[in-house]
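The briefing below concerns the structure shown here, and it takes up a pair of helices, the surroundings of the ligand and the confidence of the model in turn.

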Amino acid sequence: MVILVMRAARQTGSARRRHRLRHCPPMIRPAQPDDVPVLLRLTEQTGLFLPHEIDTLSELLTDYFAGLEQWQHRAHVLQRGNQAGGFVYYAPASLTDRTWYLYWIVVARELQGQGWGSQLLRFVEDDLRQRGARLLLIETSSRPAYAPTRAFYQKRGYVPCATVPDFYADGDDLVIFIRRL
Ligand SMILES: CC(C)(COP(=O)(O)OP(=O)(O)OC[C@H]1O[C@@H](n2cnc3c(N)ncnc32)[C@H](O)[C@@H]1OP(=O)(O)O)[C@@H](O)C(=O)NCCC(=O)NCCS
């Protein structure tokens, strides 16, 4: 009986937490150094990225907090309640007139398909418009596993403008999406 009551209390607690998370509006805030382990974990948990890509992200975030911020690189986190639920990383393309790259956009696996990725992308676009940016480019892969990702960009108004065959590996092309801001 006591166990049942305790279990019921625990379930009520977690149901309350779920309710709070669902109704807690997300906040998009600048990334902090102590976000890094969580961001790497949620990126890994998408199951989409290869180990060397996670290592590259780790190096990028380390460099970002070591000074890339000063070169206009920007990293923002989607915060829901007390959890980081995703992030974006974007930076100017050097030697161009106000062209930017979206290097990374990731939403935690359990939150995908609920509109958070669209909110993050809208945040990036608004931020870049305020900075006078002209073009936003996104590079991705032609692999079948990336079909939902490519559909996401196209639904958000990005146009595939170039393909480099076998760029990442044989049979794995680079696809470049573009949007004028
Ligand atoms: C791509 C990604 C950032 C989109 O974020 P999201 O929160 O899932 O996207 P939204 O809910 O705002 O938009 C949903 C749309 O995106 C597409 N989509 C992409 N991945 C999806 C997923 N896992 N689940 C559902 N929809 C997905 C669908 O076209 C969907 O449109 P629909 O609702 O009309 O079916 C996210 O799914 C993700 O992190 N994927 C893994 C990492 C990745 O691919 N990053 C980009 C590398 S280039």
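Helix 2 and helix 3 are roughly antiparallel to each other (an angle over 145 degrees), because their axes, which come within 10 Å, cross at roughly 160 degrees. This is a predicted model, in which local features need pLDDT of at least 70 and side-chain atom pairs count only at pLDDT 80 or more, whereas totals for chains, interfaces and linings use all residues. Residues are numbered from 1 along each chain as its sequence is written.

**Helix pair**
- The crossing of helix 2 and helix 3 is right-handed, that is, the near helix is turned clockwise from the far one by less than a right angle.
- Val36, Leu39, Leu40, Thr43 and Glu44 of helix 2 meet Ile54, Leu57, Ser58 and Leu61 of helix 3, contact requiring C-beta atoms, placed from the backbone, within 7 Å.

**Ligand shell**
- Among the 18 residues around the ligand, Gln112, Gly113, Gly117, Ser118 and Phe152 come nearest, a residue counting if its C-beta atom, placed from the backbone, lies within 6 Å.
- Helix 5 gives the most to this shell, with five residues.

**Confidence**
- The protein chain averages a pLDDT of 89, on the predictor's per-residue scale from 0 to 100.
- Over residues 1-21, pLDDT stays under 50.

Definitions and conventions. Two residues are in contact if their C-beta atoms, placed from the backbone, lie within 7 Å. Helices (H or I, at least four residues) and strands (E, at least two) are DSSP runs, numbered from the N terminus. Axes are lines fitted to C-alpha atoms, for helices over the stretch in contact, and angles run from 0 to 180 degrees between N-to-C directions. Angles under 35 degrees count as roughly parallel, over 145 as roughly antiparallel, 65 to 115 as roughly perpendicular and the rest as oblique.
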